[in-house]
Structure formats: C-alpha cells, structure tokens
Amino acid sequence: MISFLELYETSSLFSMILNILMKLITAAITYGVGVKLIKFLRKFLRSFLEKRNAEAGVITFLDSAVNIVLYVILAFTILEMFGFDTASLLAVIASASVAIGLALQGAFSNMAGGVLILLQKPFKVGDYIVAHGAGLEGTVDDIQIFYTHLHTADNKVVVILNGSLSDNSITNVTMGAKRRVDVNVGIAYDADLKKAKEVLLKMLEDDETTLKDEPMMVVVSELADSSVNLIVRCWVNGEDYWTSFWRITEKTKLTLDENDISIPFPQMDVHMIPDNGETTPEQEGKKHRKKNKTGNVMEL
C-alpha cells in the first residue's frame, strides 16, 4: 500500500511539475503575444511618422530603438513569471554600470553618433556622401542606431559605424540641387587660343544637360611647361553630373580634334651650345650619358 507520505511527495512533485508547465505555457503565450504587439507598435510608429513626413533615417532609427526597448521589457516580464527578482537584477546592473559603460563605450559612442546624425542632419537616406574618416563613399541606404549602410557605385553594401561618421568630416555630394562640371585640358602653345575658347564655349552651349541660366566659361588656368591649360566649366543638375562629366570630357577632345587644335604630350627640348674648341672624349661621354639618362631628343 502507498503510504500517506509517498502520496504527499508524489502530489507535491506533480504540483511542482504542473506549476513549471503552467509557467512555461504562460511565458510562451506572453512571448508570442508580446512579439505580435511589438510588431504592431512598430508598424503603427512607422505609419505615424510617415504620415508626418518624417525623414527615412529618423523613421529607421526610432524603429530600431523602440524595437530594442520593447524586447528588453518583454524579457523582464517573462523573467518575473519565473520568480526572478527583476528589481534586484536592475540594482545589480546599476551597480555594475561603470564596468558595463566601459565595456560598451564603443556601442554608446556609435549610438550617440546616430543621434547626432539625426539631429544635425549632415545627410539623409538617398544622399551620396564621402566618409573621409573611413575612406568610403556611396549612397545612404539606411541609418540605424549603431550603423549606417552605404550603397557603392559598383553595387556593394558598406556598413559604417555611426561613431566614425560623427567624429570625422563628411562630404555630402548631392545635398545641392546643382553641381559644377570642371574639365581640364591643355592645348599647344602654337594653337589658336581664341578659337579654342570659342569652339569649347559653343560646345557647352549646345550640350543638352548644361544649365543655360548658369555661367559657362572657358578660361586659361595655367601656362604649363608643355601646354596652355584650360578649364571648361559649366553647371548641371545633380542627378546628371557623372553622365554630363563623361560626355563633356569626350566632347572636349572631339571638338578640339575637329578644329585642328592639338593637345600636346609632355616634352622637353634640350639645346646644346657648342664651344669653339674641340670636345674631349670625356666630354663626349658625358653628353652621351646625359642623353641616355633623360631619354629626350637633344638638338645639337
């Protein structure tokens, strides 16, 4: 026969197992409901911000921050169901805040960098930026709490820490609606300078993407060793910059060729002044070595 003590122990074990199962079931239900509630709140937040015409970077940042906070709350709620003293846990975390802060100072720095980016707005989603500190550039796809995602011109995704972006200089290439195109070209010294400027200026005026209400100019920038250097300058819309730059660069070469204006290559003329006396073999050797060293044609 089963004794009363054995029956009590069996019932206590059964009750304990049942209690644990009930807690597990409750925790699972709480987790499932909590996840759905978090998704609903995030969706509501995004919809609310989009209706208020908030920037895409602000929406992404707040969504990421709210997601982390809500999941932390959900985790503490489930721990309380299993009898954990969350107040004591928070006290322990608070007492260890110095050590945690030192361990996570990089994460806090990146989070602070993300906040600064959203407040100061040096760039937004869709801008093309050059991050000088990281030596990277690309179109901003996403701004999150700790990272910013860039999409490069050769279809790569680059992830940059927000701390690096906030601590270093950034060039926002597309913030302005218009961009200036500068093409440098050199012409020969014996070329017709006035004609070169006229035909290049007409080329800019006839181009389909140059802004006709903005100044166009062709000016002499330098009297170099082998050429007269010109700057061919105009303005285009920001989205047309690269196609315009490449096309105008090509048109510059073709226009000069069509008008028989040469673009010289670097060269150097060496003139040797002969003396009245005969040269010694040693002097001839020096001349020969000099000619081999420079590799230039020497006029005697």
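**Labels and their grounds**

Modeller: In strand E3, His149 is the bridge partner of Asp142. The model is predicted, so local features need pLDDT of at least 70 and side-chain atom pairs count only at pLDDT 80 or more, while totals for chains, interfaces and linings use all residues. Residues are numbered from 1 along each chain as its sequence is written, and side-chain values use heavy atoms, with hydrogens and water left out.

Colleague: Why are E2 and E3 called paired strands?

Modeller: Two strands pair if DSSP finds at least two bridges between them. Strand E2 (residues 136-143) and strand E3 (residues 147-151) are joined by 4 bridges, so they pair, and they run antiparallel. Strands themselves are DSSP runs (E, at least two residues), as helices are (H or I, at least four), numbered from the N terminus.

Colleague: What makes E4 and E5 edge strands?

Modeller: The open sheet has 5 strands in the order E4-E3-E2-E1-E5, with antiparallel pairing. Strand E4 (157-161) and strand E5 (170-172) each pair on one side only, and these are the edge strands. On average, neighbouring strands of this sheet are turned by 40 degrees against each other, direction ignored.

Colleague: Why is Thr249 called partly exposed?

Modeller: Buried means under 20% relative accessible area and exposed over 50%, with partly exposed in between (1.4 Å probe, protein chains only). Thr249 has a relative accessible area of 33%, and is therefore partly exposed. Thr249 belongs to helix H8 (residues 241-258).

Colleague: What makes a void a cavity and not a pocket?

Modeller: On a 1 Å grid over the protein atoms alone, a cavity is a set of points where a 1.4 Å probe fits but cannot get out; a pocket is an open set with protein on both sides within 12 Å along at least five of seven lines. By this rule there is 1 cavity of 30 Å³ or more.

Colleague: Which residues line the largest cavity, and how do they divide?

Modeller: Lining residues have an atom within 4 Å of a point. Those of the largest cavity include Glu55, Val58, Lys121 and Ile143, and the lining divides into 5 nonpolar, 1 polar and 3 charged. Here Ala, Val, Leu, Ile, Met, Phe, Trp, Tyr, Cys and Pro count as nonpolar, Asp, Glu, Lys and Arg as charged, and the others, Gly among them, as polar.

Colleague: Which element gives the most to the lining of the second largest pocket?

Modeller: H8 does, with 3 residues.

Notes. Axes are lines fitted to C-alpha atoms, for helices over the stretch in contact, and angles run from 0 to 180 degrees between N-to-C directions. Grid points are joined across faces, edges and corners, and a volume is the space filled by probe spheres set on the points.
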